[in-house]
Amino acid sequence: MKQLLDFLPLVIFFAVYKFFDIYVASGALIAATALQLIVTYALYKKIEKMHLVTFVMVTFFGTLTLVFHDDTFIKWKVTVVYALFAIALAVSQFINKPILKSMLGKELIVEDRIWAHVTWYWVTFFIACGLINIYVAFSLSQETWVNFKVFGLTALTLLNTVITVFYLFKHMPEEHKKELTKK
């Protein structure tokens, strides 16, 4: 259910874009992201920082898109969000409090050096996606960018999540692997 809620604003953005335009879709994205926060809070009684940052960025860049009637702003939102995620992960690693370990470390027990590898992998991934987004957003058609944003970046993120889980599982002690596979 939680993962479905994560993709709901993106699906709404895509559907509205296909029937209307980037401006109506940007407004729908703002509304859907706000609704996502409300529903998430109602169901789980908490809001994750990542969702809050995403909401602020969607609202800020979406509003600029609507006010100035310029799709440049919503296109930059993707890169800015990825840059913020990369910075947050890098800083957390530098101060020796890796975000990924704090989120997943109770279930996936591995050495700190493995968490460092995973953190830097995701930093690199987010930077690469941000740069690719700039290229697609400003070199190709708006429709190509929307399709890339919705399908390409989502697929890349899911693929990298699977790769990360396999990597972490590979480096887990055998007793923890057995516990995890029993659940």
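Asn-160 belongs to helix α7, which covers residues 142-170; helices here are DSSP runs of H or I with at least four residues, strands are runs of E with at least two, and both are numbered from the N terminus. This is a predicted model, in which local features need pLDDT of at least 70 and side-chain atom pairs count only at pLDDT 80 or more, while totals for chains, interfaces and linings use all residues. Residues are numbered from 1 along each chain as its sequence is written, and side-chain values use heavy atoms, with hydrogens and water left out.

With a relative accessible area of 7%, Asn-160 is buried. That word stands for under 20% relative accessible area, exposed for over 50%, and partly exposed for what lies in between, using a 1.4 Å probe and protein chains only. So which residues does Asn-160 contact, leaving aside its neighbours within four places in sequence? They are Tyr-121, Trp-122 and Phe-125, where contact means heavy atoms within 4.5 Å.

## Transmembrane spans from the record

An unreviewed UniProt entry lists residues 20-44, 51-68, 74-95, 115-138 and 150-169 under "transmembrane region". UniProt positions are given in the numbering used here, feature names are shortened, and annotations may be inferred rather than shown by experiment.

Two of these spans can be set beside the model. Residues 51-68 are 100% helix and 0% strand, with 25 Å between the end C-alpha atoms. Residues 115-138 are also 100% helix and 0% strand, and their end C-alpha atoms lie 35 Å apart.

## Aromatic rings

The whole structure holds 12 aromatic pairs. Rings of Phe, Tyr and Trp (its six-membered ring) pair if their centres lie within 6.5 Å; planes under 30 degrees apart are stacked, over 60 edge-to-face, and the rest tilted. One of the pairs joins Tyr-82 and Phe-126, whose ring centres are 5.4 Å apart and whose planes meet at 25°, so this pair is stacked. The pair links distant parts of the chain, with Tyr-82 in helix α4 (residues 72-94) and Phe-126 in helix α6 (residues 112-139), 44 residues apart. Tyr-82 is buried at 12% relative accessibility, and Phe-126 is buried at 10%.

Ring pairs also gather Tyr-82, Phe-85, Tyr-121, Trp-122, Phe-125 and Phe-126 into a cluster. Elsewhere, the charged end of Lys-149 sits over the ring of Phe-13, 5.0 Å from its centre; a charge sits over a ring if NZ of Lys or CZ of Arg is within 6 Å of the ring centre and within 35 degrees of the ring normal.

## Salt bridges

How many salt bridges are there? The count is four, a salt bridge being a side-chain nitrogen of Lys or Arg within 4 Å of a carboxyl oxygen of Asp or Glu. Among them is the one between Glu-143 and Lys-18, at 3.1 Å from N to O. This pair links distant parts of the chain: Glu-143 is in helix α7 and Lys-18 in helix α1 (residues 2-19), 125 residues apart. Glu-143 is partly exposed at 42% relative accessible area, and Lys-18 is partly exposed at 36%.

Lys-75 and Asp-71 form another salt bridge, at 3.2 Å from N to O. Glu-111 pairs with Arg-113 in a salt bridge whose closest N and O atoms are 3.0 Å apart. Here Glu-111 is partly exposed at 48%, and Arg-113 is partly exposed at 46%.
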